[in-house]
Amino acid sequence: MATNLDIITEAYQLANITNDREVLNSRQSSKGLTFLNDMMIDWQEDGIELGYYRQTLLNDTFPVEDKYFRGVKYNLSLGIAGANGVVAPEETRRIAGITFDRLAKATIDVVDTKFNHMPTGGRSGFNVETG
């Protein structure tokens, strides 16, 4: 199981702000947790439900299923890059887009768009389902 700090550390690496031999300083860790909470809460408000709840401790287990880690890390890296005045590498941006689309498709409920509950148009004969 990954911790919040594991997710944040890899996001900094994906943004090319740190490398795999560096340890995040306290400011980076703290800001990373803020970005993580903000992003995940924004996603929830947009209907992307991953079971996440606001995190306060870096060493707590990241409360999302492992299958979603990649999408979270890559998308978090974009926010971290922007906040640090850099542009994430093209490959990171590409994967962030792909994984976000997959997360959205896997978690957003599709609303039934049938119109059979609507009136058919009375005398005109117009039917909203058939035109």
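Ala96 counts as buried because its relative accessibility is 0% (buried means under 20% relative accessible area, exposed over 50%, partly exposed in between, with a 1.4 Å probe and protein chains only). Ala96 belongs to helix α4, residues 90-107. Leu76 and Ala96 are 20 residues apart in sequence, with 8.6 Å from C-alpha to C-alpha.

## Model and overall make-up

This is a predicted model, in which local features need pLDDT of at least 70 and side-chain atom pairs count only at pLDDT 80 or more, while totals for chains, interfaces and linings use all residues. Residues are numbered from 1 along each chain as its sequence is written, and side-chain values use heavy atoms, with hydrogens and water left out.

The chain has four helices and zero strands (DSSP runs numbered from the N terminus: H or I of at least four residues for helices, E of at least two for strands). From the N terminus on, the order is α-α-α-α. Of the 131 residues in the chain, 37% are buried.

## Salt bridges

The structure holds four salt bridges (a side-chain nitrogen of Lys or Arg within 4 Å of a carboxyl oxygen of Asp or Glu). One of them joins Glu10 and Lys73, at 3.0 Å from N to O. Glu10 lies in helix α1 (residues 4-14) and Lys73 in helix α3 (residues 69-83), so this pair ties together parts that are 63 residues apart in sequence. Glu10 is partly exposed at 30% relative accessible area, whereas Lys73 is buried at 14%.

Glu91 forms a salt bridge with Arg94, with 2.8 Å between the closest N and O atoms. Both residues lie in helix α4, three residues apart, about one turn of the helix. Glu91 is partly exposed at 44%, and Arg94 is partly exposed at 43%. Asp20 and Arg21 also meet in a salt bridge, at 3.6 Å from N to O; both are exposed.

## Aromatic residues

Three aromatic pairs are counted (rings of Phe, Tyr and Trp, the last by its six-membered ring, pair if their centres lie within 6.5 Å; planes under 30 degrees apart count as stacked, over 60 as edge-to-face and the rest as tilted). Phe62 and Phe69 form an edge-to-face pair, 5.4 Å centre to centre with 65° between the planes. Phe62 is buried at 1% relative accessibility, and Phe69 is buried at 11%. Together with Tyr52, Phe62 and Phe69 form one aromatic cluster.
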